[in-house]
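Let's take a walk through this structure together. Have a look at the chain below before reading on.

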Amino acid sequence: MPATKPATKSVLNESKQIERAAMLIEMGARMQVLESETTLSYERLIRLYKEISGKSPSKGQLPFSTDWFLTWQENIHSSLFLNIYEYLAKGAELDSVEQLTKAYRLYCEQIQAAELDVLLSFTRAWRLVKFVDAQMLTRTQCSVCKGQFVTEPYENARHYQCGLCNPPARAGKSKSAGSLMLH
């Protein structure tokens, strides 16, 4: 069996990885995202992060719970993002990071056009995609409006109603600017 030769370093590939990492940092990605989505070393990513953001990256683990994506207002934001992400998957030849960044930018544009606060951070959007890929979350069609919403995989699709069609009792009552308001 022939020995595999080590991959040769490419200045062009390294440049593309640095450019990708810089774009992710500017979008607010945490270190775990950068490590997962680039081939750059941890030390190189730290230096790049400090150079771009002017500060050290946040410490600590990423939240590993699907619960955040299922609460009322966060679910609406997550569902909007995931629908955009899935739409891009059907219509364009993009790698996973390009698809994620384009979907996140479109999500932010839509939320800002509606004069709402962006609730879904880039890192949470990345985590949402990972949860869907791992089949820990999915999309279920609302039986009323027919929209696709982020749900747990075992949700009863036949009777599912989204948070817009069947909001919780206190939903939409907040007076704070940038929150969803129900009339």
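**Starting from one arginine**

Arg20 sits in helix 1; helices here are DSSP runs of H or I with at least four residues, strands are runs of E with at least two, and both are numbered from the N terminus. This is a predicted model, in which local features need pLDDT of at least 70 and side-chain atom pairs count only at pLDDT 80 or more, while totals for chains, interfaces and linings use all residues. Residues are numbered from 1 along each chain as its sequence is written, and side-chain values use heavy atoms, with hydrogens and water left out.

So what does Arg20 touch, leaving aside its neighbours within four places in sequence? Arg20 is in contact with Glu37, Thr38, Asp95 and Val97, contact meaning heavy atoms within 4.5 Å. Leu34 lies 14 residues from Arg20 in sequence, and their C-alpha atoms are 8.8 Å apart.

Now follow helix 1 (residues 11-26) over to helix 5 (residues 96-113): their axes come within 12 Å and cross at roughly 30 degrees. Axes are lines fitted to C-alpha atoms, for helices over the stretch in contact, and angles run from 0 to 180 degrees between N-to-C directions. That angle makes helix 1 roughly parallel to helix 5, since angles under 35 degrees count as roughly parallel, over 145 as roughly antiparallel, 65 to 115 as roughly perpendicular and the rest as oblique. Arg20, Met23 and Leu24 of helix 1 meet Val97, Thr101 and Arg105 of helix 5.

Helix 5 has another partner: helix 4 (residues 72-91) packs against it at about 135 degrees, with the axes 9 Å apart. The two are therefore oblique to each other. On the helix 4 side, the contact includes His77, Leu80 and Phe81, and on the helix 5 side it includes Gln99, Leu100 and Lys102.

Arg139 has Val150 in strand 2 as its bridge partner. The strands form a hairpin with 6 residues between them, and Lys146 in the turn has a positive phi of about 70 degrees.

How confident is the predictor? The chain averages a pLDDT of 88, and 89% of the residues score at least 70; pLDDT is the predictor's confidence in each residue, from 0 to 100. Over residues 1-6, pLDDT stays under 50, and the model has 0 contacts beyond four places in sequence for them.

Methods: Two strands pair if DSSP finds at least two bridges between them.
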